[in-house]
Amino acid sequence: MKKIFYITTALFLGSFITQSCTSSQVAVPVTQSYEELNTSLQNKEFAFVATKAYPTDLSSLNAMNRLKPAGAVFRLLDLDYGYGFKLRGRELKADLPFFGRMYQTSMSPDLNGIKFDSKQAWVEITTTKKKTVISIKPTDISRIDKMYLEVYPNGRAYLSIDSNDRQPISFDGYITKIPESRK
């Protein structure tokens, strides 16, 4: 009887350890090769899909963590599909959430996130061996100072946004091609 107890305990612990050691990262959809990715970046026609948010404000993180039963402090937030931005030449359309301290708030919920349409975005691309850094400044949107996008050869990307009216925030995600529009 003791052997059965020890065997079931060992199997239970083994399965528990195996479950807790698995990776929980979101897989990047393989939609384009490195050459296609580089071409879309150089042509300034691509979409960034955000999967995680990294807020910098500790008071908002503490407030969100109080809602969780365990009370553990998490520095990143998983996002639903649909957040990100699209860049076509100088046109930039962004729809990203914001978690943190805002210095100028609005009664409109559309203005409390990072949601805007810019027709005149200044874009600068710098390429190194390990990554491509894209600096974006929407000149016709006064509340966004600059956006920095680091793109790696596997399609993963890291976005950092500096604003004039709120604390900085960063996002993790991936780059995709903009789907062709039907006419």
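The model is predicted, with local features needing pLDDT of at least 70 and side-chain atom pairs counting only at pLDDT 80 or more, while totals for chains, interfaces and linings use all residues. Residues are numbered from 1 along each chain as its sequence is written, and side-chain values use heavy atoms, leaving out hydrogens and water.

**The largest pocket**
- The largest pocket holds about 600 Å³ of space.
- Its lining has 26 residues, and the closest to the pocket centre are Ala47, Gly84, Phe85, Lys86 and Lys93.
- Strands E1 (45–55), E3 (84–88), E4 (91–96), E5 (114–118) and E10 (169–176) each give at least two residues to this lining.
- By class, the lining has 14 nonpolar, 4 polar and 8 charged residues.

**Lys44**
- You will find Lys44 in the loop between helix H2 (34–42) and E1.
- Lys44 is not a glycine, yet it has a positive phi of about 60°.
- With a relative accessible area of 27%, Lys44 is partly exposed (buried is under 20%, exposed over 50%, and partly exposed in between, using a 1.4 Å probe and protein chains only).

**Glu45**
- Glu45 sits in strand E1 and is partly exposed, at a relative accessible area of 43%.
- Leaving aside residues up to four places away in sequence, Glu45 touches Ser40, Leu87, Arg88, Gly89 and Ile178 (contact means heavy atoms within 4.5 Å).
- Glu45 and Leu87 are 42 residues apart in sequence, with 5.4 Å between their C-alpha atoms.

**Terms for the pocket**
- On a 1 Å grid over the protein atoms alone, a pocket is an open set of points where a 1.4 Å probe fits, with protein on both sides within 12 Å along at least five of seven lines; lining residues have an atom within 4 Å of a point.
- Grid points are joined across faces, edges and corners, and a volume is the space filled by probe spheres set on the points.
- Helices (H or I, at least four residues) and strands (E, at least two) are DSSP runs numbered from the N terminus.
- Ala, Val, Leu, Ile, Met, Phe, Trp, Tyr, Cys and Pro count as nonpolar, Asp, Glu, Lys and Arg as charged, and the others, including Gly, as polar.
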